[in-house]
Amino acid sequence: MPERITLSVNGCDVSVLAGSMVSAAVSAAGETAFRTSVQGEPRGPLCGMGICFECRVCIDGVRHVRACQRLCQPGMEVSTHD
Amino acid sequence: MTDRREFDVLIIGAGPAGLAAACCAAEAGRRVGVVDDNPAAGGQIWRGEHDKPTQPAATTWFERLRNTKFEFLPGTRIVGHPAEGVLLADDDRTLIELKYDKLILATGARERFLPFPGWTLPGVTGAGGLQALVKSGISIAGRRVVVAGSGPLLMAVASYLRRAGAVVPLIAEQAPRGRVAKFAAGLLAHPGKLMEAARLKWELRGVKYLTDCWPVAAEGNDAVENVTLQRRGRSWQESCDFLACGFGLVPNIELPMLLGCEIEQGSVRVDDGQRTTVKDVYAVGEVTGIGGLAPALIEGQIAGLAAAGEKEAALRFLLFPRRNARRFAQKLEHTFRLRDELRQLPADETIVCRCEDVRFDQLTEHYSWRSAKLHTRCGMGPCQGRVCGAATEFLFGWGMDSVRPPLYPVRVEHLARATVTRESQSTED
Amino acid sequence: MSSALSHQSTGADVLIVGAGIVGTACAAEFTRAGLTTIVVDKGPVSTGATAAGMGQIVVMDDNEAEFALTNYSQQLWNELADELPTSVDWDECGSLWIAADDEEMQEVERKQSFYAERGIETEILNAVALEKLEPNLRRGFHGGLRVPGDSVIYSPCAAAWLLEQACQRGAELRLGQKVIELRGHGVLLENGDYLQADVTVNAAGSWATELMPELPIRPRKGHLVITDRYPGFIRHQLVELGYLKSAHSVTTDSVAFNVQPRKTGQLLIGSSRQYDDETRDIDPDILQRMIDRALEYLPGLAELSAIRTWTGFRAATPDSQPLIGPSIEDEHLYVASGHEGLGITTSLGTARILVDQVIGRESAIPREPYLPSRFQQGVSDA
């Protein structure tokens, strides 16, 4: 039976399968924009493998964490950047 | 705060090549360490296979790995090379000094992204990129995905996405029909590949495979909603929730360059024994040239055995399948090389450097990577030119700069240590 | 403009060696005064300190000469601000000098009166006010001096824009061409071309001594670090009061706290000064010292993501004032170099004063403190 984890994205709880990356949680929360670019464009993951840095989010107060490379943990607080 | 680890054989990259090397070196009794940026082993092609095996080769190797003794350092990036025989790693908590007798570079490859209008919209991802994201937990069930770009990876991705529940109406392959058909016919010389191709064809029944076809624009408000494709003078719109678009693979040569390894045509130069031009440093898999799973496994074994000190005899047995595999890799490159029209894709206002939002028209005034970096800050962001560098190389023919540490962003408090380098570099042997 | 036969330029009024911020400012000013101008650089625009540095536009009060030039220049920049393209990222964030103890607080008061007497608006902050304005500073500072009129720009783009202005007024550009010799009324290029001009200006920054070894200029290496984006982490450019001690030291290697917010929210961390190391390589020891110093002021900096670090060379003179004026040897050869860490600020004032001297125009500030002849031994004609 697959284990599920609950964490919060932008203040809302989401439930994901254990072993999912934070990128999955952000997507499950219905967000398409993970961050905003220098000129204000919404951006989401591009490479899926930690190279492009477009999926950076704030996790438990630490900014600029690549969501595609970070495993979800129960109770994590994720926020997408302004 | 420094941790220190010492290994007989240190392997960078836990994809198939790195894992094969780890098995062989460890089984030969050496103390082995494997480092990977991802939280789990498998690299790209075996992402997720470690606990949910679906591919026969992965199943076999992971089983073999379970009985192998080695130290795995996941979520860890190499950021510097402070001394001979030492790499500096960052695991987001601390810096770790990794000391080695032999080093095996299995850093793999990344996708090449080409800019076109709308490519920065959320939902426009790499082809391998979307596969990785779905394997990491993003749900694709019932979503409509257009797969585009170039290379056999597109078919593997489309197949995977379908199995994950996506609707994939078509694959847009930029290569011309004649070359792709010739390549398909040539598969007869590679029986294993032929089987794989036939299987893919079956899995992709109902998915249009359009050669001479490429995206010219992605459109949508907050995320991609449709893509305009072009094919033989005709263009049309396809609606989509995701555009999974990648134009081939580019070896991750940053660490090899930092070590002083000779680079040839964008990949690490190695001899038949997988030795680079730097003493005690081997390279295996995609970083030595794009070739796929088979060469990666063979090369990994060769280097693992060699690094462990196994005699040449063990290697001779492995050479034949590898030569065959490399020939296949060459055919691949010829078939899917990128066409000139793709250089016309960006509009003036199309962003090329996504980290710093540098537009195409800002770059066209410059004649070198260096000049462009200076004036536009292209390549000066956190990706350190990994995305825009491949694009500008294709668009303008600009070569890369030399590589300097840190290879990845590090915490300010760790930065000075990451910049320590050796005074001189040995390129003999 | 080359004659096919003799490879000679038909002769310009002015030839400027160096397309950094000083050279391009001079080009803009010479062309504005109606002089035909050639600009030569061995590379593209801004390959020296202009590209490496912090892009500060600041007033300094260490001595009258420094104040006069920085103040004059800052006024010129302010006049130009509205014309600058967005790529120059003009940001009037202001500076904040931080006092770590009573002694430095007294220095703050001295600075405040110095500036007040000269019409520069400043504000003394006590510890509470300082903390309120810059909450990421560590606790325990005594206060500081806020200079709201200071600004930050992205210098390579400013230099490019100044050069563009010069070209629109007819300046000839020779980029990627190295000057190997200064000769009478002109220069010899590496490719064999001889460019003629009535007046030559050496604005080659820390390379100025390659062409004129007698110039009292030494390259002074500095390190910088840029972080990822943390908008609001600091609001002003922050600098320690010990900064000038470091900048004006003639011998030792030193570091001084100086952190600047960019418009993107990235933080630029400096500063370090070293003589006698002319390699571009990062020096991990002094980089560590520089970072340690920065962490003493902004402890939260430790965990922020650093993207890159690099070095650059400032052109330093024995008395920390630039050289602006005719060379000692040759009245047709002028120098505009030696700006140490204030090149971006003082580029515009330098250009004005230099052009004044060449065309015989009155200057808005006294020129004497910057004349190259001040380093002349004994008595001789200028």
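Me: Which residue of chain B does Asp89(C) form a salt bridge with?
Reply: That's Arg377(B), and the closest N and O atoms are 3.1 Å apart. Keep in mind that this is a predicted model.

Me: What's the count of salt bridges between chain C and chain B?
Reply: The count is one salt bridge. There are also six residue pairs in polar contact between these chains, with both residues at pLDDT 80 or more.

Me: Which parts of chain C touch chain B?
Reply: α6 (155–168), β12 (218–229), β15 (266–273), α9 and β16 (305–316) of chain C each supply at least two residues. β16(C) gives the most, with five residues. By type, that side of chain C divides into 18 nonpolar, seven polar and five charged residues.

Me: How much area do chain C and chain B bury between them?
Reply: About 2300 Å², with 59% of it on carbon and sulfur atoms. Tyr154(C), Ile307(C) and Arg308(C) supply 22% of what chain C buries against chain B, more than any other three residues.

Me: And how many residues does the contact take from each chain?
Reply: Chain C puts in 30 residues and chain B 22 residues.

Me: Switching to α9(C): what caps its N-terminal end?
Reply: Asp283(C) does, with a side-chain oxygen 3.0 Å from the backbone nitrogen of Asp285(C).

Me: What span should helix α9 of chain C have?
Reply: It should span 20 Å, because it has 14 residues (284–297) at 1.5 Å a residue. Its end C-alpha atoms are 20 Å apart, so that agrees.

Me: Which residues in α9(C) are buried?
Reply: Ile286(C), Leu287(C), Met290(C), Ile291(C), Ala294(C), Leu295(C) and Tyr297(C).

Note on methods. Residues are numbered from 1 along each chain as its sequence is written. Chains are lettered from A and ligands numbered from 1 in the order in which they are written. This is a predicted model: local features need pLDDT of at least 70, side-chain atom pairs count only at pLDDT 80 or more; totals for chains, interfaces and linings use all residues. Side-chain values use heavy atoms; hydrogens and water are left out. Helices (H or I, at least four residues) and strands (E, at least two) are DSSP runs, numbered from the N terminus. The expected span of a helix is 1.5 Å times one less than its number of residues. Buried means under 20% relative accessible area, exposed over 50%, partly exposed in between (1.4 Å probe, protein chains only). A polar contact is a pair of N or O atoms within 3.5 Å; within protein, one must be able to donate a hydrogen and the other to accept it, and residues adjacent in sequence count only if both atoms are side-chain atoms. Contact means heavy atoms within 4.5 Å. Buried area is the accessible area (1.4 Å probe) that two parts lose on being put together, summed over both. A salt bridge is a side-chain nitrogen of Lys or Arg within 4 Å of a carboxyl oxygen of Asp or Glu. Ala, Val, Leu, Ile, Met, Phe, Trp, Tyr, Cys and Pro count as nonpolar, Asp, Glu, Lys and Arg as charged, and the others, Gly among them, as polar.
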